[in-house]
Amino acid sequence: MSRRLSFTLDDRLSLCASFVRDGTRLADVGTDHAYLPVMLAADGKIRSAVACDVRQGPLENAKASILQNGVEHLVRAVLSDGLDNVSPEDAQDVVMAGMGGELIAQIIHRTQWLYDGSRRLILQPMTRMETLRLFLYENGFCIEQEKACVVGRKCYSVMCCRFDGVKRLCSAKEQYIGRLGEDPSEEARRYVRMTEEKLQKKINGLTRSGRTDEAASFEAVLQEIKESSNQQ
């Protein structure tokens, strides 16, 4: 039975949590206050968790949250740059949320035990989503599920991935909206619209600066996304 916690998860972290497998050993990278592993531990959903952060300040916040919510027997805080100080045995499921897509790709690239096919990666990039999706496709990771959520005026994508060794071509449309173009939910539609708006702003800026060739390449991507959206 779940216990009363000192906090509530927003929809972004709740969506990440929904992808975590029951009974798993979890690593939460860039944990900050460790809200996600603390909640899953308190609810009895996971066997254990490592809450890791590269900075001491957020790690102290995580330790306080772990103690305050009485899950120190299940969750421990570890100072770690990415997964560098995390044992593979402690990370059957790995959450990387709230950081840039390029940084997430770098952490995956240098953590070779993520390539054994048994790990589930739950990824929520804040920026450069297209860079992360391209990296996953080109390096043998399958995006099994992707969902969107809305928090305030912002819209986020959460991807559930695993390594299967199949290197895939990634179209420009897939780089920017991933599997959300297949999702009829209002959250996914809003994410697609947000992406279209960002691309249009980029096109306008490139056009004003005289970089017409670059503008044309982004215009082609935008049209592909719009055409696929109209077919839904």
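In the predicted model, the bridge partner of valine 95 in strand E5 is isoleucine 122. Strands (E, at least two residues) and helices (H or I, at least four) are DSSP runs, numbered from the N terminus. Strand E4 (residues 93-99) and E5 run parallel and are joined by 6 bridges. Methionine 96 stands opposite leucine 123 in E5. From E4, the chain crosses through helix H4 (residues 101-110) to E5, in a β-α-β crossover that is right-handed. Right-handed means that, with the strands pointing away from the viewer, the path from the first strand over the helix to the second runs clockwise.

E5 also pairs with strand E7 (residues 154-163), here in the antiparallel sense and over 3 bridges. Two strands pair if DSSP finds at least two bridges between them. Isoleucine 122 stands opposite cysteine 160 in E7. Of the 6 residues of E5 (residues 120-125), 5 are buried, so the strand is largely enclosed by the rest of the structure. Buried means under 20% relative accessible area (1.4 Å probe, protein chains only), exposed over 50%, and partly exposed in between.

These strands belong to an open sheet of 7 strands with mixed pairing, in the order E3-E2-E1-E4-E5-E7-E6. Strand E3 (75-79) and E6 are the edge strands, each pairing on one side only. On average, neighbouring strands of this sheet are turned by 20° against each other, direction ignored. Axes are lines fitted to C-alpha atoms, for helices over the stretch in contact, and angles run from 0 to 180 degrees between N-to-C directions.

Helix H5 (residues 129-138) lies across E5, E6 and E7 and runs at about 160° to E6. In helix H1 (residues 11-18), the residues Arg12, Leu13, Leu15, Cys16 and Ala17 are buried. The buried residues of H1 pack against H2, E4, E5, strand E6 (141-151) and E7. Aspartate 10 caps the N-terminal end of H1. A side-chain oxygen of aspartate 10 lies 3.1 Å from the backbone nitrogen of arginine 12.

Threonine 31 lies in the loop between strand E1 (24-29) and helix H2 (35-42). Threonine 31 is buried, at a relative accessible area of 7%. Neighbours within four places in sequence aside, threonine 31 is in contact (heavy atoms within 4.5 Å) with Pro37, Ala51, Cys52, Asp53 and Ala62.

Residues are numbered from 1 along each chain as its sequence is written, and side-chain values use heavy atoms, with hydrogens and water left out. In this predicted model, local features need pLDDT of at least 70 and side-chain atom pairs count only at pLDDT 80 or more, whereas totals for chains, interfaces and linings use all residues.

How values were computed: A polar contact is a pair of N or O atoms within 3.5 Å; within protein, one must be able to donate a hydrogen and the other to accept it, and residues adjacent in sequence count only if both atoms are side-chain atoms.
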